[in-house]
Amino acid sequence: MGDTSAILLEVFIETIQHWWVIVPTIFLGLVVGGIPGFSAANTIIILMPLTLAMDLQTGLIFMITLYCAARMGAGIPAILVNIPGTAGAAATPLDGYPMAKQGKGQQALAISFVASALGGLLTTIIALITMPWLARVGFYMHSVEMIVVMLFGISLIASIAAQDMLKGLIAGFLGLMIGAIGTDVVYATPRGTFGFLELYDGVPLIPALVGLFAVSEAFIIIEKKVIISDDAEPKKPNWHDTFEGVRIALSRWWHIVWTSLIGLVIGVIPGAGASIASFVAYQQSRAFSKTPEKYGTGHPEGLIAPESANNGVTSGTLVPLLVLGIPGGATAAIMLVVMQYHGVSFGPSLFESQPKVGYGMFMAMAVAYMLMMLTILPLSRYMSHVTTIPTIYLAPLIISFTLVGAFVPREYMFDMYLALAFGVLGYIARRTGYHVAAILIGVILGPLLETYFLRALKKSDGDIMTLFSSNIGNVLWVALVASLVLPIWFERRRKRKSSEVPAE
């Protein structure tokens, strides 16, 4: 224990001494995360020659800081202009953007930054302590278990449909149908591609994301003078709103804790990712809230849940990478390449043979989140100015940047046209009362659910009862049913008790 403490202290001091790498990389990550289509993964790929030229410790600190900052940065445009920077921030606008429209953009940014930093810092510490046990999660989460995890996220459609059941379900099923476009998993037969080769791999996520949220929102806001609602009074940015946002976030510290733990567990599962974690955390937060009707209207807990969860994923992805040599995501896969280039051997022995590398990655993540609190939080005062920019200038900028973002991942002009098509679809959906978030949930999670479902059936020779053949899966099934039924039961019980109270 004493040797480990001494190593951790030494690694902490060495990491702090790399502040000259961490601080600039934080701001680079904010920019990368805030531009749809860009991500930490493709940015690190672009800078791969630079990363390989660095010594191993400096290169890892650079990659991890960029990864964490990009995750946090993706929430900034999601809150201010309803544009998730990445799929992991797709649930953030559900309550973040309504707060911005109410003139509380500065508070919303402060809440997001605190939830992200604390969620990421907490899960990093927990992951470091419980790594041997967390590493086993990936072994127990097979197709059946992943199906139930997906259904947790997809059941958010039902929560959205609670406001208008028919329209919510139509939007959700439309998203699932769009997600089914492409070649099928079993026979590779094209489905709904209309002859476009660009759709054979399925509907690309970034064009769908920026179209449904960004382009459609640009069409909506151009009809107004500024983003802020007419009934909200424009306020000059001040430090009071920043501190108020910090106070709101810290007063809900327990909410940050348990939603970030959802992100940590899902992050350990290779291939799961931040988008699943954010949707599951939002659904669970709403399901067990005492005020579920406030979600979607600018409720702080609806903003905290996805932001703390998608930053909780960051530490989770390192666990299978270091213990098993299996990357938990695209960024972790690039880290794997860099570490192999420097001759790092993976497995439990890593923390004995090269403890500074194993512990150093988690320490770099912890220090990055601590420095982000000091460097990014004060910026919320100035970032919130975006909501006061006249839409006659803002809307064309949004469309231009997002179309470029749609082009970047695959470099197809087709993807820019596809983003415009999704923008028109999103605009029509908004104008007719359909929720674009329900459509996006189907587009993101539908293909993943189909893949795991068909994989489970293939392993069981088509026996549908295989969905209930796993003990862990059955526990998750019970938890899923409980998360859907118990809130309804609690609400009816509350109404019954209130009706029994005699009027004075």
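Colleague: Which side chain meets that of aspartate 415 in a salt bridge?
Modeller: The model is a predicted one, in which local features need pLDDT of at least 70 and side-chain atom pairs count only at pLDDT 80 or more, while totals for chains, interfaces and linings use all residues. Residues are numbered from 1 along each chain as its sequence is written, and side-chain values use heavy atoms, with hydrogens and water left out. A salt bridge requires a side-chain nitrogen of Lys or Arg within 4 Å of a carboxyl oxygen of Asp or Glu. Aspartate 415 meets this rule at 2.8 Å, N to O, and its partner is arginine 410.

Colleague: Is aspartate 415 buried or exposed?
Modeller: Relative accessible area decides the class: under 20% is buried, over 50% exposed and anything in between partly exposed, for a 1.4 Å probe and protein chains only. Arginine 410 has 25% and is therefore partly exposed. Aspartate 415 has a relative accessible area of 1%, so the class of this residue is buried.

Colleague: How many salt bridges are there by this rule?
Modeller: Side chains of opposite charge can pair when their charged atoms come close. Applied to this model, the rule gives a count of 7.

Colleague: Which residue forms a salt bridge with glutamate 14?
Modeller: The closest N and O atoms of this pair are 3.3 Å apart, and the partner of glutamate 14 is lysine 356. The pair ties together parts that are 342 residues apart in sequence, because glutamate 14 lies in helix H1 and lysine 356 in helix H21 (residues 355-376). Helices here are DSSP runs of H or I with at least four residues, strands are runs of E with at least two, and both are numbered from the N terminus.

Colleague: In which loop does arginine 252 lie?
Modeller: Arginine 252 and glutamate 301 meet through their side chains in a salt bridge of 3.6 Å, N to O. The pair links distant parts of the chain, 49 residues apart, with glutamate 301 in helix H18 and arginine 252 in the loop between helix H15 (239-251) and helix H16 (253-268).

Colleague: How many aromatic pairs does the structure hold?
Modeller: Rings of Phe, Tyr and Trp (its six-membered ring) pair if their centres lie within 6.5 Å; planes under 30 degrees apart are stacked, over 60 edge-to-face and the rest tilted. On that basis, the number of aromatic pairs is 6.

Colleague: What is the angle between the planes of tyrosine 282 and tyrosine 295?
Modeller: Tyrosine 282 and tyrosine 295 form an edge-to-face aromatic pair, 5.7 Å centre to centre, with their planes at 85°. Tyrosine 282 belongs to helix H17 (residues 274-287) and tyrosine 295 to the loop between H17 and helix H18 (300-324), so the pair ties together parts 13 residues apart in sequence. Tyrosine 282 is buried at 3% relative accessibility, and tyrosine 295 is buried at 1%. The angle asked for is 85°.

Colleague: Which residue lies over the face of tyrosine 434?
Modeller: A charge sits over a ring if NZ of Lys or CZ of Arg is within 6 Å of the ring centre and within 35 degrees of the ring normal. At 5.4 Å from the ring centre of tyrosine 434, the residue is lysine 167.

Colleague: Which helix gives the most to the nonpolar patch?
Modeller: Patch residues have over 30% relative accessible area and no salt bridge; like charges are joined within 9 Å and nonpolar side chains (Val, Leu, Ile, Met, Phe, Trp, Tyr) within 5 Å. Leu9, Phe12, Ile13, Ile16 and Met370 make a nonpolar surface patch of about 410 Å², with areas from the Shrake-Rupley method and a 1.4 Å probe, only the protein chains shown counting as cover for residues. One member, isoleucine 13, is partly exposed at 43% relative accessibility. With 4 residues, the main contributor is helix H1.

Colleague: What radius of gyration does the protein chain have?
Modeller: The radius is taken over C-alpha atoms, and the globule rule is 2.2 Å times the number of residues to the power 0.38. The chain holds 26 helices and 2 strands, and 55% of its 504 residues are buried. A compact globule of 504 residues would have a radius near 23 Å, which agrees with the value for this chain, 22 Å.
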